[in-house]
Amino acid sequence: MLGPSGSGKTVFLSSLYKKLSTQSELGFFLQVDTGEKRKRLNNIYTQVAADEKWPAGTKYSEVSEWTFTCRVQTSDLSIYDGCSFTYLDYAGGRITDEAEEEDASSEFDDKFKAADALLILLDGQKICALMRKEKIGKVWALNNLRNMIDVMQGSRKPVHFVISKWDIVEQNYTLEQIRDRLLEIDEFKNLVKLRNQAGSPVRLIPVSAVGKGFAIPKPDGSMEKTGELPKPFQVEVPLACILPDMIQVMMKELIRKRQSELETPIEIKPNIGFWEFLGQLFANGLKTVQELLPRKYRFADETLESLIKWAETPAQQKIDFAERRTEELRREQAESLKKVEDEETALAHAIHCFVSIQNQLVYRFPESELRV
Ligand SMILES: Nc1nc2c(ncn2[C@@H]2O[C@H](COP(=O)(O)OP(=O)(O)OP(=O)(O)O)[C@@H](O)[C@H]2O)c(=O)[nH]1
Ligand SMILES: [Mg+2]
């Protein structure tokens with residue numbers, strides 16, 4: 001997660017954990033790797049929810065890694081691990097501030113290079129300032145946003161933009177208005193364009209760690225708590241988008257490579273199904289694709305198949321059918337839960353849950369998938 005100071009990384013992390021650490025209708029839950037870390041996250045969240053003050057900004061020397069395991073519980077109460085992911089928390093100044101020479105840490109930069117996916121956190125308050133044409137909004141676009149785009153330029157990894165503090169933003173602006181304004185920024189537009197051309201989805205995902213009515217922005221930029229209880233909004237969505245999108249990128253890459261090896265590339269005709277196309281491209285269809293994928297992405301055929309089907313659905317169609325898909329996906333999710341009996345089937349179920357969450361995003365915010 002790339003985000004400058006004050007953009008909401010630490011609060012988001014605690015709220016994500018709070019929402020996903022207990023069983024819910026989402027179909028999976030998270031466990032953090034150690035008991036100490038669990039207590040730490042619970043304490044941060046308690047401070048967010050109940051204290052007058054917000055947690056302090058993260059210190060420059062504090063770089064922490066949080067490994068979460070995504071787990072599934074079956075009807076006989078057995079629990080299986082589906083997949084795990086690691087979230088990096090750090091002081092946002094590391095991305096934007098000029099470091100003292102001895103401070104410049106290449107170890108930290110290497111962590112970004114090693115990440116499987118990048119999330120760019122856009123500070124909702126700064127976005128509001130940009131919409132109001134205020135100076136801090138312009139500085140944000142010229143400096144913070146620019147720095148973050150620079151970090152991930154040249155990378156082929158999936159990237160999504162996450163808008164923090166949506167509870168504040170939504171009172172004044174729609175996602176459509178914000179998308180249009182961001183696309184006026186050349187660097188932003190170019191990034192989306194390049195990604196689109198490469199067939200890699202880029203999303204704009206609104207989240208709120210605390211939900212509507214929890215805080216009121218003060219003129220000095222601080223947030224006053226109202227005393228309401230927090231209701232985290234869409235904090236699980238960025239996580240749910242990463243894995244399905246990663247597979248999509250990888251599949252496209254495999255196809256591109258294979259096409260370039262062939263003397264006469266195979267055309268994708270509108271009337272030919274994707275499976276037929278794969279069959280023509282790779283002698284043994286899915287089996288060959290499996291062998292070409294890096295080991296950690298060799299999911300069960302069924303899982304891969306449902307992901308590819310979803311990835312190949314044109315964006316407009318996803319929007320048009322989102323409502324109908326909700327029911328269908330819920331059924332598929334219930335079916336995949338029944339089949340859970342080991343780690344592989346737990347992962348398959350987790351992926352079904354992720355696709356359902358992604359579909360919900362498309363339904364609520366059709367403009368979240370960025371296209372230029
Ligand atoms: N209204 C609202 N305010 C939020 C939300 N999330 C964070 N904030 C505000 O933003 C401030 C900064 O959030 P942090 O999570 O500490 O920011 P950070 O990115 O970790 O900042 P550094 O640690 O300095 O890099 C908080 O103290 C809150 O005032 C949110 O979802 N809604
Ligand atoms: Mg922090």
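Helix H1 gives the most to the shell around ligand 1, with 3 residues; helices (H or I, at least four residues) and strands (E, at least two) are DSSP runs, numbered from the N terminus. This is a predicted model, in which local features need pLDDT of at least 70 and side-chain atom pairs count only at pLDDT 80 or more, while totals for chains, interfaces and linings use all residues. Residues are numbered from 1 along each chain as its sequence is written, and chains are lettered from A and ligands numbered from 1 in the order in which they are written.

H1 spans 9–20, and both this helix and helix H7 (166–169) supply at least two residues of the shell. Of the 23 residues around ligand 1, those that come nearest are Thr10, Trp54, Gly57, Thr58 and Gly92. A residue is near a molecule if its C-beta atom, placed from the backbone, lies within 6 Å of it.

One open sheet has 3 strands in the order S1-S2-S3, with antiparallel pairing; two strands pair if DSSP finds at least two bridges between them. Strands S1 (29–32) and S3 (79–89) are the edge strands, each pairing on one side only. S2 (residues 64–73) and S3 pair over 10 bridges, and glutamate 65 has leucine 88 in S3 as its bridge partner.

Another open sheet of 3 strands has the order S4-S5-S6, with parallel pairing. S4 (118–122) and S6 (202–206) stand at the edges with a single partner strand each, so one side of each is left without a neighbour in the sheet. S5 (residues 159–163) pairs with S6 over 5 bridges, and histidine 160 stands opposite arginine 203 in S6.
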